[in-house]
Amino acid sequence: MDQLKIGKFIAEQRKKNNLTQMQLAEKLNITDRAVSKWENGKAMPDVATIPALCDILGVTINDLFTGEVVFVENYNKKMENNLMEMAQELERKNKTVWRSMWIIMWLSMMAFLAGCLAVWYFVPEEIWQVVAVLGLCVVFLIPCFYALKLEISVGAYKCKKCGHEIVPTYAQALNAMHMGTTRYLKCPSCGKRRWCKKVLKKN
């Protein structure tokens with residue numbers, strides 16, 4: 001989606017409705033700075049704000065995402081394009097989050113190993129070595145928990161048997177056995193526990 005075009009469209013429609021940025025912001029219970037960012041193409045309205053914004057401006061959601069008023073003859077075509085662009089944008093964001101998760105995991109692993117080596121060489125007493133390694137384990141687990149949160153925030157886990165896509169809670173994912181990003185989860189569709197492979201693109 002063209003954020004600059006959408007931003008100009010929001011500004012045009014706001015002015016047509018004789019609203020200042022401050023007045024529009026007050027109607028939406030947000031700051032005028034947020035409206036300014038939309039109109040400059042620096043940000044997009046939050047999903048929860050879009051219906052109210054369209055209602056105030058007197059446009060459809062399809063008009064908003066297209067950045068212009070869509071006429072009846074082009075409506076379906078424009079809607080298909082917008083949906084496709086939204087799906088592609090979601091996939092790009094999912095891949096970014098996925099990469100971030102792996103970077104966090106690798107960096108924390110390298111830091112943990114480096115810390116263990118430092119303890120081995122620079123901490124002479126055995127008891128303090130144990131304490132230091134336990135401390136490193138605690139520090140290492142913090143980014144691991146965050147990486148798991150990132151992992152379950154994108155895509156879904158696909159059941160091998162029925163193909164159902166599972167989005168577990170954090171607790172369910174944490175308690176599930178796993179090999180890499182394949183987790184042993186209970187499928188709500190077939191009711192069986194199976195090894196479910198992570199897929200980035202949800203249906």
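The model is a predicted one, where local features need pLDDT of at least 70 and side-chain atom pairs count only at pLDDT 80 or more, while totals for chains, interfaces and linings use all residues. Residues are numbered from 1 along each chain as its sequence is written, and side-chain values use heavy atoms, with hydrogens and water left out.

Just after helix 2, N29 takes a positive phi of about 60°.

L24 also turns up in the largest nonpolar core, a set of 16 residues in which I10, L24, W38, L53 and L64 have the most contacts. Such a core joins buried Ala, Val, Leu, Ile, Met, Phe, Trp, Tyr and Cys residues through side-chain atoms within 4.5 Å. Helices 1, 2, 3, 4 and 5 (helix 5 being 61-66) each supply at least two of its residues, and helix 4 gives the largest share, 4 residues. Leaving aside residues up to four places away in sequence, I10 touches W38, E39, P45, L53, L57 and L64. Another core, of 10 residues, lies apart from this one and has L148, C159, C187 and C196 among its members.

Then there are the salt bridges, 2 in count, each a side-chain nitrogen of Lys or Arg within 4 Å of a carboxyl oxygen of Asp or Glu. E68 pairs with K5, the closest N and O atoms being 2.8 Å apart. Since E68 sits in the loop between helix 5 and helix 6 and K5 in helix 1, the pair ties together parts 63 residues apart in sequence. E68 is partly exposed at 31% relative accessibility, and K5 is partly exposed at 34%. E39 forms a salt bridge with R14, with closest N and O atoms 2.5 Å apart; this pair links helix 3 to helix 1 across 25 residues. Here E39 is buried at 11% relative accessible area, as is R14 at 7%.

Technical notes:
Buried means under 20% relative accessible area, exposed over 50%, partly exposed in between (1.4 Å probe, protein chains only). Contact means heavy atoms within 4.5 Å.
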